[in-house]
Amino acid sequence: MSLLDSVLPSEPTKKMTMNEPVDSSFANTTNNVVGKPINRVDGPLKVSGQAPYSAEIYRDNQAYGVLVSAKIAKGQVESIDSSALDDIPGIIKVVTDPKHFLRNPQQGTATKAPTKGAIEIFYHGQPIAVVVAETFEAATEGAQAIRVTYKDETEQAALDFAKELSNAHEVNEKEGSDKNAVNGDPQQGLADSPVTIERFYHTPNQTSSAMEPHATLAYWEEDKLILYTSNQMVASCKQQIMDALDLNKDQVQMIAHYVGGGFGSKLGIAPESIAAAIAAKELDRPVLVCMTRPQVMEATVKRSNTRQRIAIGCDEQGVINTLIHDSISSNLPDEGFFEPSALSTHYLYRGENRQVNYQQVDMNQLLSGSMRAPGEAVGMIALECAMDELATQLDIDPIELRRRNEPEKDPSQDIPFSTRQLIACMEQGAEQFGWSERNAKPASQLEGDWWIGTGMAASSRGNSLQQSEARATLQVDESKELGVKAVIETDMTDIGTGSYTVFSQVAADLLGLPIDHIEMKLGDSELPPASGSGGSFGAASSGSSIYLACEQLRDMIAAKVGLYADTIQLDNGQIKQVGTHKPSKTDTAIETVKGQAESIKDKISEKTGFALPKSDTSKYDFDGSKSYALAKVIADYDEQKLSAKGQIKPGKNGKSHRQASFGANFAEVAVHKVTGEIRVKRMTGAFAAGRILNHNTATSQCYGGMVFGIGSALMEEVIHDKRDGRLCNHDLAEYHVPVNADVPQLDVILVEEDDPYTNPMHIKGIGETAISGAAAAIANAVYNAVGVRVYDFPITLDKLLYEMPE
């Protein structure tokens, strides 16, 4: 792209579509902040209470709403009796809107409203009204006192997954993130294989359990709706609000500066957002609706339960020729999402005969959707446990079995990998863990009252890129040591993953400024639209748009001082000339900035409004040793600031090359010989995810993924009463997640990798990669400890006791 094409009169925009590899990244930068383990820039705000969540925002004359939830699993609302609220002080109104209230939340990246309607009931816990009061306590009392009469059809509800398996139907592949696929002849290949294994695995419903509950503060300024909300994807959620309430884009503003975790449950809007907006409109005052913990677990997104069939055929040396992964998951009627359990099965191991097949069961339970590595988190439990069992059957080391089945290309599409570091991850992880010293024979190591076992599993998570946009502005700021600061703006969110920090590092490197000279503005739909946080694509997508915006600023600064963009270096607030320009076909317009063609130069000046006359460029006399203060150059502009945008789009690279992050999880467990209690003693994870922006935040993401693996393997399970659809463990007292006492020392290795096919920064997602395979490593360690294979997760002691060794 030439300077003439990329620079526009108002805000120049550097655009990139990933149609080919980007060879150089962070060229001519000297700060080298990217990659360093710097502390979170928003850390001081969080520990001092200055980083408020949406429920902590207050507006004058604010009222409080509490949702009223259905107490049946299927049926219709016949009447709502609010007479009992007359004697409760502070009650303002019971608000309901059968047409616009949401039946359930929405999926991530969707631009349309989720299914609406508050009359017909599809699951226990479905919101049907909101009680608004002067205080949260009064609203809570009112919501509990209200009486709802139903036409109850719970006896006809689908509440037992096992019983409904016979009604499984084909999935809607257009709405899913994976597709059914067949390569070769998998049925015949399985029949002809000298060695086979075929197993069924069951994984339960799970809930995200984010620290911050879903909450929305809504108020109207004339006909404009402003929402402080807890959402991971501001741009798409705004479109969902617009569609739900028939508003245009200028009538909705969504703000989510800080989000206390999401894990998929906040990818789309949830029922409290629309309830708050409708109540605020009716009352003409701000209304805050904050879900209780039980309501969060009953009426937002859960992970679907699954039944997965893994069938593998190989020769006597363990070389796989056939791999089959069939999966059945569940969701509400007429919902398109299905758990894409076989996402990594397509490409993780070799095999000319392959089958991936999905089916779905309609259930009267809350919405199933994307949660913490959707697909791989549960799919790799099945695949990696089956691989471990196959290794045992063949008497081959589990790492060696995987090594023998390393594909040269993606075997499902016959396309190359952009990079693939699975073997490196296994080798580095094995060395640090001490895998070579393991006792391979099951139930052979007893230490006191505890059986000791070790296990491993591969990890994989597909990498993707989403369209994103950002603005970068350099402006004079005398309060800063260098007299200038950069303001970065995008509606990308920070859900605890470190967005504020890693994006500040990117801008600091490219603009040659210290971290404290970067002001990061995130989480507001008035800012340029980004991908949002989810799918392990947030940092890559939003970060790339910031990268491009900063590169555009560098181009403009170079034009200002009469140099080529690839010959300037921004270092600690100074502009320096370095290196020699490498001409390309697209930079001929830049020549004019140096005064080599006055007629073309005049055209640039006319079009861009900022190309300089000779008298201005003569201020900057670079002789190889001189440098100029960036603040002084920015001050030469009329407004004493310079702005640019960056925009990234996915392109051909996503189809021409299989892009994925890879890793390996290792675990050691102890199982009590009498009680069957399982304790994870230690875990090691090695992960390759392209360039690492920040070793602290990346390591923390891996910690989180490995901890989730502990929960998924040993304790996390949503339990519904099969008689009435009630959620039995709808709080953190009964829905068990790992706590400090459950988590041992975790060791993380970040394997070096550079992937030019992914984005201009060469990065990939890492947090969900660490999740994938973590639970399987623990399950395989449990088998190694006591010789018991468990196919129904989580592995609780009752599933071990009767098969434990004497």
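Four cavities of 30 Å³ or more are held in this structure, which is a predicted model in which local features need pLDDT of at least 70, side-chain atom pairs count only at pLDDT 80 or more, and totals for chains, interfaces and linings use all residues. Residues are numbered from 1 along each chain as its sequence is written, and side-chain values use heavy atoms, with hydrogens and water left out. A cavity is a set of points, on a 1 Å grid over the protein atoms alone, where a 1.4 Å probe fits but cannot get out, and its lining residues have an atom within 4 Å of a point. Grid points are joined across faces, edges and corners, and a volume is the space filled by probe spheres set on the points.

| Cavity | Volume | Lining by class |
|---|---|---|
| Largest | about 80 Å³ | nine nonpolar, one polar, two charged residues |

The lining of the largest cavity includes Tyr201, Cys385, Glu389, Asn780 and Arg789. Helix H9 (376-394) and helix H21 (774-786) are the elements that give two or more residues to this lining, and H21 gives the most, with four residues. Helices (H or I, at least four residues) are DSSP runs, numbered from the N terminus.

Among the residues that line the second largest cavity are Ser208, His214, Lys266, Arg293 and Met297. Helix H8 (residues 293-299) supplies the largest share of that lining, three residues.

Terms used. 1 Å grid on protein atoms, 1.4 Å probe; cavity = no way out; pocket = protein on both sides within 12 Å on 5 of 7 lines; lining within 4 Å. Nonpolar A, V, L, I, M, F, W, Y, C, P; charged D, E, K, R; others polar.
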